[in-house]
Amino acid sequence: MIVSRRIAAAMSLTGIAWALRPAVADELRVMESTPAAKAVIDGRTSAFFVRFDQPVDHIRSTLEVMQDGKPIERLQPRLESAPEVLFARAPTLSPGNYSLHWAVRTLSGRELIQGNIPFSVGAQR
């Protein structure tokens, strides 16, 4: 009986430790973005966001609009957005192909994780 209580206690502590473990950087996933990957947007659109599956460090994270692999506009993420969302506004973009480059640190802050979301701006009517 004492052995089974010890096993049960050890299993319980293991479960608590698992639940409280720091987020592992390679588990970070993009859940949603505006623009969506490969979307064609209207040039008047100025709101950009990326929602992740866990909170990110807003202060040490960045968003950039890229064209032909070069940054054309560095966006300042708004600190008052949801913990798992990077949100920023950009000036009007001319028609062409772009990507939204994001670089984030999870709240554990150990590793920088980056990605790109390709999108296009269509001709304004």
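This is a predicted model: local features need pLDDT of at least 70, side-chain atom pairs count only at pLDDT 80 or more; totals for chains, interfaces and linings use all residues.
Residues are numbered from 1 along each chain as its sequence is written, and side-chain values use heavy atoms, with hydrogens and water left out.

I begin with the chain as a whole. Of its 125 residues, 36% are buried, where buried means under 20% relative accessible area, exposed means over 50%, and partly exposed lies in between, with a 1.4 Å probe and protein chains only. The accessible surface is about 8000 Å², and carbon and sulfur atoms hold 56% of that area; the method is Shrake-Rupley with a 1.4 Å probe, and for residues only the protein chains shown count as cover. Among contacts with a separation of 6 or more, 62% join residues 24 or more positions apart, a contact being heavy atoms within 4.5 Å.

Let me turn to the sheets.

Strands β3 and β6 run antiparallel and are joined by five bridges, and phenylalanine 49 stands opposite phenylalanine 87 in β6.

The other open sheet to describe has five strands in the order β2-β8-β7-β4-β5, and its pairing is mixed. Here β2 (39-42) and β5 (70-75) each have a single partner strand, so one side of each is left without a neighbour in the sheet. The twist averages 35° from one strand to the next. A parallel pairing occurs between β2 and β8, over four bridges. Alanine 39 stands opposite phenylalanine 119 in β8.

What is the size of the largest nonpolar core? That core has 21 residues, and those with the most contacts inside it are Phe52, Leu63, Leu75, Leu100, Trp102, Val104 and Phe119. A nonpolar core is a set of buried Ala, Val, Leu, Ile, Met, Phe, Trp, Tyr and Cys residues joined through side-chain atoms within 4.5 Å. At least two of the core residues come from each of β3, β4 (62-67), β6, β7 and β8.

Leaving aside residues up to four places away in sequence, phenylalanine 52 touches Leu28, Arg29, Val30, Met31, Glu84, Leu86, Trp102 and Val104.

That brings us to the aromatic pairs, of which the whole structure contains three. Rings of Phe, Tyr and Trp (its six-membered ring) pair if their centres lie within 6.5 Å; planes under 30 degrees apart count as stacked, over 60 as edge-to-face and the rest as tilted. The rings of phenylalanine 52 and tryptophan 102 are edge-to-face, because their planes stand at 70°, with centres 5.0 Å apart. This pair links strand β3 (residues 47-52) to strand β7 (residues 96-105), across 50 residues. Tryptophan 102 is buried as well, at 9% relative accessibility.

Tyrosine 98 and phenylalanine 119 form a stacked pair, 5.7 Å centre to centre with 20° between the planes. Tyrosine 98 lies in strand β7 and phenylalanine 119 in strand β8 (residues 112-122), 21 residues apart. Both partners are buried: tyrosine 98 at 6% and phenylalanine 119 at 2%. Ring pairs join Phe48, Tyr98 and Phe119 into a cluster.

I close with the backbone. Most residues other than glycine have a negative phi, and most peptide bonds are trans. The peptide bond from threonine 34 to proline 35 is cis, with omega near 5°, and proline 35 sits in the loop between β1 and β2. Lysine 38 is in the loop between β1 and β2, has a positive phi near 70°, and is exposed at 72% relative accessible area. Aspartate 68, in the loop between β4 and β5, has a positive phi near 55° and is exposed at 73%.

Conventions
Two strands pair if DSSP finds at least two bridges between them. Axes are lines fitted to C-alpha atoms, for helices over the stretch in contact, and angles run from 0 to 180 degrees between N-to-C directions.
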